[in-house]
Amino acid sequence: MRTILRSVRQSRSAFWHQGDNILSGLARKQNYLANTRFGSIYKLSYNAEIHRYTPPSFMISRALFADAAKVTSGDVSKAGPLIEYERRIASHELVDGDSCQVGTLRELQRLYDELVESADDCRLDRYAASRKASRSRWLWSRFIPQASYSPVKGLYLYGGVGTGKTMLMDLFFAQLPSNWRKKRIHFHDFMLNVHSRLRKHQGVEDPLEVVAGEISDESILLCLDEFMVTDVADALILNRLFRHLFSNGLILVSTSNRAPDKLYEGGLQRDLFLPFISTLKERCVVHAIDSSTDYRKMTSAEQGFYFVGKESSSLFKQKVEQLIGKHTACPQEVEVVMGRTLQVPLGANECAYFPFEELCDKPLGAADYFGLCKSFHTLALEGVPLFGLHNRTAAYRFVTLVDVMYENKARLLCTAEGTPVELFRKVVTISDAQQMAPRTSRSRRTDDMDLCVDNELGFAKDRTISRLTEMNSREYLEQHTSMLAEKQPLWEENSLQA
């Protein structure tokens, strides 16, 4: 039996090696033709992919990403995130002086160089990669198990809010060759996609293995932004999912506010999640960004879209009417994932209005907010309260809502009972609570009755405060206006076709 299996492996290896040589030759011929006869078309398709993942940071405009270096199979050795970063520093397109960012870029450049050198072994070229269906691979693995770990380790970047993690990862992603199997996605969106695929494969013996096969077929290099585990369902499947993904050769590049050992800290059944942390550290180089600078708060903050206090209600309504223009606001219904719909109290001109209770006090989640952002570029949210123990669940939903809006570059117009910092003043981590000065029983009764001690929410609040600050800045709002101006001709064309 062993002799038969050995012969099958050798025959299959020879067959795929020959097939890869043929496909590689075709790919080189296609690249040559693209660079000579259809160069402009090649650049457009590549820039479109870069343009989609422009980070919403004031330091890099959409135009800069559109002008990113045109990397092809022939000149990848002369490119990379650090080289592009230094070029932008020299041309005063980026702020200079953050040694922590430069140190992180050296790690990204090292990874980039390793990937370029080992591109064939990592099966990065989508034209030369095997086209076997994931289910076929799953069936074949029942008879001959095959683990194929990547020779290159990934990278796990973590650090404080606003330190430029997303910008640096996007800079890295923008320099990758267009013919590579790669994907950049927010962690929330990634997990929604995983759950959707799992439902599609119900009844299979190991649906996670099938899903992992599909994901690694599409993207062998996966860039995940904002790795943050708060949901017990996600925590329970991550270990097995990524064990399959890594055995399929997947390379992970991720950003997070938390060190690996701090992920899902204090979560339900965390002992089942701990093996994933070990796997993550085994397959990724862990790098901390120690910068104390929050670049989001260096924007030119204004109060044009964030109104504090009940007396600002009239100004809020005037701004909503201004955004709607001549359109008539009316109740609407939008589709979200998995066939569900979300009721919008009032919507017009790609703007949606919600009382806070309708969006954050009801059992909604990231999937609903993603669906909302696909239909509306602006959200008017009225009555954001101060958060504490009594409305901790609503605070979690508000944090998720801001994350999704920020990822989709949406515009937020809101009224709140306090500034972003004041909203979360009563939300603290366990460490913060232990460091608080002891108080008398009377002061504790009046001051600490609504204190919310929650590690995950306590860490997430800094990111939310930072993002709310940037989303209300002049730079962010100007970028949003530019984005709408670019999309307007497309909307008008769709309206005429309809």
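Q: In β5, which residue is the bridge partner of G159?
A: The model is a predicted one. Strand β1 covers residues 154–159 and pairs with β5 in the parallel sense over six bridges. In β5, the bridge partner of G159 is I289.

Q: Which strands stand at the edges of the sheet, each with a single partner strand?
A: The open sheet has five strands, paired in parallel, in the order β2-β3-β4-β1-β5. One side of each edge strand is left without a neighbour in the sheet, because each has a single partner strand. These edge strands are β2 (182–186) and β5 (284–289).

Q: What angle does the direction of helix α8 make with that of β2?
A: Helix α8 spans residues 187–200 and packs on the sheet, where it touches β2 and β3 (221–225). Its direction and that of β2 make an angle of about 105°.

Q: At roughly what angle do the axes of α14 and α15 cross?
A: Two packed helices are described by the distance between their axes and the angle between them. For α14 (residues 366–375) and α15 (residues 392–407), the axes come within 9 Å. The crossing is right-handed. Its angle is roughly 40°.

Q: How many nonpolar residues does the contact of α14 with α15 have?
A: From α14, the contact uses A366, Y369, F370 and C373. From α15, R397, T400, L401, V404 and M405 take part. Besides one polar and one charged residue, the nonpolar count is seven.

Technical notes. Residues are numbered from 1 along each chain as its sequence is written. This is a predicted model: local features need pLDDT of at least 70, side-chain atom pairs count only at pLDDT 80 or more; totals for chains, interfaces and linings use all residues. Side-chain values use heavy atoms; hydrogens and water are left out. Axes are lines fitted to C-alpha atoms, for helices over the stretch in contact, and angles run from 0 to 180 degrees between N-to-C directions. Helices (H or I, at least four residues) and strands (E, at least two) are DSSP runs, numbered from the N terminus. A crossing is left-handed if the near helix is turned anticlockwise from the far one by less than a right angle, and right-handed if clockwise. Contact means heavy atoms within 4.5 Å. Ala, Val, Leu, Ile, Met, Phe, Trp, Tyr, Cys and Pro count as nonpolar, Asp, Glu, Lys and Arg as charged, and the others, Gly among them, as polar. Two strands pair if DSSP finds at least two bridges between them.
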